[in-house]
Every structure is written in C-alpha cells, then in structure tokens.
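User: I would like to learn how to read the features of a structure one at a time. Please begin with the general idea and then turn to the case at hand.

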Amino acid sequence: MDFTIELKKGIGNLMFGMTVENVKQVLGEPTEMETIDNGMEEETLVLHYDDQNLTLFFEGETKLLNCIDTDNEDTVLFGQKIYTLTEKEIAQLMIANNYFAEDIETESWGERRVTFIEGNIDFFFENDELMSVVFGK
C-alpha cells in the first residue's frame with residue numbers, strides 16, 4: 001500500500017468519505033473492529049489494521065471514513081518519509097508547505113502533540129521521536 005498522506009483527502013488509496021465496505025475492498029478484513037461512544041449520541045466505528053499500522057475511524061449515520069491514525073514508518077508527507085524526521089524538521093516541512101497554525105500540548109500520557117490546525121493533522125512525539133500521526137478531513 002502507498003502511505004502518502006494527502007491532507008484533508010486521505011492516505012494512498014484510502015480517501016475520507018469511504019464506507020467500511022470500500023475500505024475492506026482495499027485493505028481486506030481488519031485485525032480488530034470496535035465501537036466507541038463519542039459522547040455525542042453517536043458511535044464511532046474503529047477498524048485496526050495491525051499489519052499496516054493503521055487505525056481508521058468511521059463516523060456518522062452511514063459510518064464514513066473521517067480520521068486516520070498511522071505509525072507506519074513508510075508514511076510520506078510532502079515527499080518526505082516523516083518517521084525519519086525530528087519535530088523541528090516536521091514543523092519546517094509543514095511551514096514550507098504553507099501550514100502555519102501550530103498548537104503544541106503535552107498529553108496526559110506524556111507524548112507531545114503538535115497540531116497544524118489548517119491541515120487537520122496531529123503529530124505525536126516522545127523524546128523528539130515521531131510516534132504517531134493522526135489526520136482527518
């Protein structure tokens with residue numbers, strides 16, 4: 001699978017707005033499926049693909065793909081393999097591609113989250129090492 005992120009669109013052949021069945025046609029059966037209550041009288045369906053290092057989130061009445069979490073080392077953003085980059089280098093990459101609105105927070109579990117609001121993307125770091133990327137439409 002191609003792990004190139006297109007901000008607000010998807011990753012590789014997985015595009016936001018796809019149904020669960022569309023995703024299964026691309027990736028096959030997930031390793032695990034779970035439903036979580038998002039507290040807004042709506043449930044989120046979560047598909048885990050452990051062999052791809054992907055977690056996919058489906059929301060809405062018809063359960064459409066709207067968020068992706070990946071820690072796959074082959075993930076590419078703006079032509080760069082981001083798991084080889086430091087936090088500073090990722091910030092420079094985002095800025096070089098006209099994403100400036102940055103929010104930084106340390107999560108309760110200790111990871112540092114760097115959000116680029118315009119791109120709807122979060123980078124999670126531990127000791128300056130990228131641990132996970134979460135992005136949505």
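Analyst: Buried means under 20% relative accessible area, exposed means over 50%, and partly exposed lies in between. K8, at 44% relative accessibility, therefore counts as partly exposed. Please keep in mind that this is a predicted model.

User: Where is K8 found in the chain, and what is the value of its phi?

Analyst: The general idea comes first. Most residues other than glycine have a negative phi. K8 has a positive value, near 65°. K8 sits in the loop between β1 (4-6) and β2 (10-11).

User: Which loop holds F78, and is F78 buried or partly exposed?

Analyst: F78 lies in the loop between β8 (76-77) and β9 (80-81). Its phi is positive at about 50°, although F78 is not a glycine. With a relative accessible area of 32%, F78 is partly exposed, because that value falls between the cut-offs of 20% and 50%.

User: Let us turn to the whole chain. How many helices and strands does the protein chain have?

Analyst: The secondary structure comprises two helices and 13 strands. The radius of gyration of the protein chain is 15 Å, close to the 14 Å from the globule rule for 137 residues, so the chain is as compact as a globular protein of that length. Along the principal axes, the C-alpha atoms fill a box of roughly 40 × 30 × 25 Å.

User: How far apart are the mean positions of the positive and negative charges?

Analyst: The protein chain carries 9 positive and 30 negative charges, and their mean positions are 7 Å apart.

User: Which residues are in contact with F3, leaving aside its neighbours within four places in sequence?

Analyst: With those neighbours left aside, F3 is in contact with I11, Q52, L54, N72, D74, T75 and V76. F3 belongs to the segment before β1 and, at 6% relative accessibility, counts as buried. The C-alpha atoms of F3 and C67 are separated by 15 Å, the two residues being 64 apart along the chain.

User: In which strand is V76 placed, and is V76 buried or exposed?

Analyst: V76 is placed in strand β8. At 16% relative accessibility, V76 counts as buried, because the value is under the 20% cut-off. Leaving aside neighbours within four places in sequence, V76 is in contact with F3, T4, I5 and K81. V76 and I11 are 65 residues apart in sequence, while their C-alpha atoms are 9.1 Å apart in space.

User: What are the contacts of R112, leaving aside its neighbours within four places in sequence?

Analyst: R112 is in contact with E87, I104, E105, T106, F123, F124 and F125, once those neighbours are left aside. R112 is found in strand β11, residues 112-116, and counts as partly exposed at 34% relative accessibility. R112 and D37 are 75 residues apart in sequence, and their C-alpha atoms are 25 Å apart.

User: How many aromatic pairs are there, and how is the pair of F116 and F123 arranged?

Analyst: Rings pair if their centres lie within 6.5 Å, and planes over 60 degrees apart count as edge-to-face. By this rule there are four aromatic pairs. One of them, F116 with F123, is edge-to-face, at 6.2 Å centre to centre with 80° between the planes. Both F116 and F123 are buried.

Key:
Residues numbered from 1 in each chain as written. Predicted model: local features only at pLDDT ≥ 70, side-chain atom pairs only at ≥ 80, totals over all residues. Heavy atoms only, no water. Helix = DSSP H or I, 4+ residues; strand = E, 2+ residues; numbered from the N terminus. Rg over C-alpha atoms; globule rule 2.2 N^0.38 Å. Lys, Arg positive; Asp, Glu negative; His and termini not counted. Charge placed at Lys NZ, Arg CZ, Asp CG, Glu CD. Phe/Tyr/Trp six-rings, centres within 6.5 Å; stacked < 30°, edge-to-face > 60°. Buried < 20%, exposed > 50% of the residue type's maximum accessible area, 1.4 Å probe, protein only. Contact = heavy atoms within 4.5 Å.
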